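The following note sets out points on helix packing, the nonpolar core and selected residues. Please read it alongside the coordinates.

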Amino acid sequence: MTPPIHPPGPLKAPRPHPLRDPRVRAIAFQVLTIAALAWFFWAIFDNTLTNMRTRGITTGFAFLDHSAGFGILMSLIPYDETYSYGRTFIVGLLNTLLVSGLGVIAATLIGFVVGVARLSRNWLIAKLALIYVETLRNIPLLLQIFFWYFAVLRPLPQPRQSLELGALFFLNNRGFYMPSPIAGDGMALVGLALVVAIALALAIGRWAKRRHMATGLGFPCWRTGIALVLGLPLLAFLALGTPVTFDVPHLQGFNFVGGSRLIPEMVALLLALSMYTAAFIAEIVRSGILAVSHGQTEAAHSLGLKPTATLRLIVLPQALRVMIPPTTSQYLNLIKNSSLATAIGYPDLVSVFMGTTLNQTGQAVEIVGMTMAVYLLISLIVSGLMNWYNRAVALKER
């Protein structure tokens, strides 16, 4: 008897060669690319160290502990010639952060106002805003810095012929002098009152938002918040007997002593950065408002909303989603453009650390690397914060 014949099982496909697998090839190419880049940068680094050793140039960051031996025109923290090069790095960094932060705030406010004015129905206002935008954004920033410094601030009178206001404020070609507040014993409680007021304003804002979503009823959050932030510290300040005194500047010899001073280098740089960047932000604001459908505005007007309420409640919340990404780029440009301060002597990070400190120490690799890392870190932080805010205001699907 013939045994039964069983049909053959399914044939197994031969395993392809690993190099023919697209996933394996992709991983292999990425590994090779990373290895090639690592070798390239290591070769540059090793060659740099070899050349520096050949020329007798020391490496490392020990120079940061050495005495600087030079003065700095403006410092937000105590500094004199006896401090170290590490201190000059901190002084330059703080000056850069100061002018960049103030520039971002000023550019945002000016740009928003000019951008809305570009869409005004008043012919004169719209044309003046157009002239502002087309003039300032087409003139190089460095020339604008020179204009404010050499043509506007340097021709101011000498200290003995200063322009004064009430024997308290003085303006001359060396800066703007003003009384400097000196905190007393109770100012810590005033600061605590300010923190409490801000916390209360934020809590009221969240409560008002939940209430509006649940009932549709509005609440004057901004007016209440401003009243709290200004009123509560003011009440604490008055209740504690105004615990602050003022150091008033006065002329001594050929210059003023005492008080606080805004140096002309900072004012010129701040004006140029903020007004130049504001011209670009104004166009971003204008394009963001125009990106909102005109039907939204007509629907708001049909409900009886005034133009200002329509802009604040309907148009701007939708336009923000268009405006934030390009505005982030303008903020980053402003921060990086602040390095032009070295052209007029403002003591920012590039001028103080990558300029004077580099010339005195010769530690080019370390100083340039630290400066680049600082600007990269600042840009990444600003970009991260703006991206977080962009996600917060984005439309979310339910």
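1. Threonine 242 counts as partly exposed because its relative accessibility is 38%; the class lies between buried, under 20% relative accessible area, and exposed, over 50% (1.4 Å probe, protein chains only). Threonine 242 has a positive phi of about 50 degrees although it is not a glycine. The residue sits in the loop that links helix H6 (221–239) to strand E5 (244–247). Helices (H or I, at least four residues) and strands (E, at least two) are DSSP runs, numbered from the N terminus.

2. On provenance, this is a predicted model, in which local features need pLDDT of at least 70 and side-chain atom pairs count only at pLDDT 80 or more, while totals for chains, interfaces and linings use all residues. Residues are numbered from 1 along each chain as its sequence is written, and side-chain values use heavy atoms, with hydrogens and water left out.

3. A positive phi in a residue other than glycine also occurs at alanine 167, where the value is near 55 degrees. Alanine 167 belongs to the loop between strand E1 (163–165) and strand E2 (169–172). With a relative accessible area of 44%, alanine 167 is partly exposed.

4. Helix H4 (residues 141–153) packs on helix H7 (residues 264–291) at an angle of about 135 degrees, and their axes are 9 Å apart. H4 is therefore oblique to H7. Angles under 35 degrees count as roughly parallel, over 145 as roughly antiparallel, 65 to 115 as roughly perpendicular and the rest as oblique. Axes are lines fitted to C-alpha atoms, for helices over the stretch in contact, and angles run from 0 to 180 degrees between N-to-C directions.

5. The crossing of H4 and H7 is right-handed; a crossing is right-handed if the near helix is turned clockwise from the far one by less than a right angle, and left-handed if anticlockwise. On the H4 side the contact (heavy atoms within 4.5 Å) is made by Leu141, Gln144, Ile145, Trp148, Tyr149 and Leu153, and the H7 residues include Pro264, Leu269, Leu273 and Tyr276. The residues of the contact of H4 with H7 comprise 14 nonpolar, 1 polar and 1 charged. In this division Ala, Val, Leu, Ile, Met, Phe, Trp, Tyr, Cys and Pro count as nonpolar, Asp, Glu, Lys and Arg as charged, and the others, Gly among them, as polar.

6. Helix H3 (residues 123–136) also packs with H7, at an angle of about 120 degrees and with the axes 9 Å apart, which means that H3 is oblique to H7. The crossing of H3 and H7 is left-handed. Tyr132, Val133 and Leu136 of H3 make the contact with Met275, Tyr276, Ala278, Ala279, Ala282 and Glu283 of H7. The contact of H3 with H7 divides into 8 nonpolar residues, no polar and 1 charged.

7. The axes of helix H8 (residues 294–302) and H9 come within 10 Å and cross at roughly 145 degrees, in a right-handed crossing. Gln296, Thr297, Ala300 and His301 of H8 meet Pro307, Thr310, Ile314, Val315 and Gln318 of H9. The residues of this contact of H8 with H9 are 4 nonpolar, 5 polar and no charged.

8. In the largest nonpolar core, of 67 residues, those touching the most other members are Phe70, Tyr132, Leu269, Tyr346, Phe353 and Val382. Such a core is a set of buried Ala, Val, Leu, Ile, Met, Phe, Trp, Tyr and Cys residues joined through side-chain atoms within 4.5 Å. Among the helices that each supply at least two residues of this core are H3, H4 and H7. H7 gives the most, with 15 residues.

9. Leucine 273 lies in helix H7 and, at 0% relative accessibility, counts as buried. Not counting residues up to four places away in sequence, leucine 273 touches Val99, Leu141, Leu334, Asn337 and Ser338.

10. Serine 180, found in strand E4 (residues 180–183), counts as buried at 18% relative accessibility. Leaving aside neighbours within four places in sequence, serine 180 is in contact with Thr245, Phe246, Asp247, Gly259 and Ser260.
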